[in-house]
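Please look over the structure below.

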Amino acid sequence: MKFRTDFVTNSSSSSFIVARKEQFTAEQKEVILKFIEQQFLGNTIIKTKEKLIHYFVEYIDSAILDEDEQINLKAWKSEEYQKCLDLLNKGYIIHIGDVIATDPNDIADIYMMLWNTLSCCGGFIQVDTGLDF
């Protein structure tokens, strides 16, 4: 079997060149962690039942609870609400977010956002980041 070790330029992949100092600075590590948290875990963080109710009523389905404040099992996303509530009760924090990209199937936007964020910290240089497919 042959393995390709140089740049691959077909419709399913892309290439890039970036440069960085040997060690990430504390600021770069913080930026990476914050970026990953927001992009891959979501920027809405819910720690209480009240905030969970507010989020679901405001953004998902205003009929998530019935008149007795019990879960309306006919409401859209009622199963997700119940799972989130159960997890909150077990000490978990709920993260809710969106995939931010021009095309949800285009991961290039996420790469570019991270590289642009890292470039602001110094010690990180974008050499060839066109990511043309």
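Is Ser78 buried or exposed? This is a predicted model, and in it Ser78 has a relative accessibility of 8%, so Ser78 counts as buried. Ser78 belongs to helix α3, which covers residues 78-89. Setting aside neighbours within four places in sequence, Ser78 is in contact with Ile64, Ile71, Asn72 and Leu73.

## The chain as a whole

The protein chain has four helices and four strands. Read from the N terminus, the order of the elements is β-α-β-α-α-β-α-β. The chain has 133 residues, and buried residues make up 25% of them. Take the contacts between residues at least 6 apart in sequence: 59% of these join residues at least 24 apart. The chain exposes about 10200 Å². Carbon and sulfur atoms supply 52% of that area.

## Aromatic rings

How many aromatic pairs does a search of the whole structure find? The search finds four. In one of them, the rings of Tyr55 and Phe56 have centres 6.3 Å apart and planes at 75°, so this pair is edge-to-face.

Tyr55 and Tyr59 share helix α2, residues 49-60. They are four residues apart there, about one turn of the helix. Ring pairs link Tyr55, Phe56, Tyr59 and Tyr81 into a cluster.

How much of these side-by-side topics is covered by the rest of the chain? Tyr55 has 16% relative accessibility, so Tyr55 counts as buried. Phe56 has 5%, so Phe56 counts as buried too. Tyr59 has 56%, so Tyr59 counts as exposed.

Two cases are listed here.

| Charged residue | Ring | Distance from ring centre |
|---|---|---|
| Arg20 | Phe24 | 4.1 Å |
| Lys77 | Trp76 | 5.0 Å |

## Gln28 in helix α1

Gln28 lies in helix α1, residues 26-41. Is Gln28 buried or exposed? Its relative accessibility is 1%, so Gln28 counts as buried. A polar atom of the Gln28 side chain lies 2.9 Å from the backbone nitrogen of Thr25. Beyond neighbours within four places in sequence, Gln28 is in contact with Gln23, Leu118, Cys121, Gly122, Gly123 and Phe124.

## Cysteines

How many disulfides does the structure hold? The structure holds zero. Cys121 is in no disulfide, and its nearest cysteine sulfur, that of Cys120, is 6.7 Å away. Cys121 has 17% relative accessibility, so Cys121 counts as buried. Cys84 has 15%, so Cys84 counts as buried as well.

Thr44 is in strand β2, residues 44-46. At 25% relative accessibility, Thr44 counts as partly exposed. Which residues does Thr44 touch, not counting those up to four places away in sequence? They are Tyr55, Ile94, His95 and Ile96. Tyr55 is also part of the ring cluster. Thr44 and Gly97 are 53 residues apart in sequence, yet 6.2 Å apart in space, C-alpha to C-alpha.

Met113 is in helix α4, residues 108-119. Its relative accessibility is 27%, so Met113 counts as partly exposed. Met113 and Gln39 are 74 residues apart along the chain. Their C-alpha atoms are separated by 9.7 Å.

Methods: Residues are numbered from 1 along each chain as its sequence is written. This is a predicted model: local features need pLDDT of at least 70, side-chain atom pairs count only at pLDDT 80 or more; totals for chains, interfaces and linings use all residues. Side-chain values use heavy atoms; hydrogens and water are left out. Rings of Phe, Tyr and Trp (its six-membered ring) pair if their centres lie within 6.5 Å; planes under 30 degrees apart count as stacked, over 60 as edge-to-face and the rest as tilted. Buried means under 20% relative accessible area, exposed over 50%, partly exposed in between (1.4 Å probe, protein chains only). Helices (H or I, at least four residues) and strands (E, at least two) are DSSP runs, numbered from the N terminus. A charge sits over a ring if NZ of Lys or CZ of Arg is within 6 Å of the ring centre and within 35 degrees of the ring normal. Contact means heavy atoms within 4.5 Å. A polar contact is a pair of N or O atoms within 3.5 Å; within protein, one must be able to donate a hydrogen and the other to accept it, and residues adjacent in sequence count only if both atoms are side-chain atoms. Accessible areas come from the Shrake-Rupley method with a 1.4 Å probe; for residues, only the protein chains shown count as cover. A disulfide is a pair of cysteine sulfur atoms within 2.5 Å.
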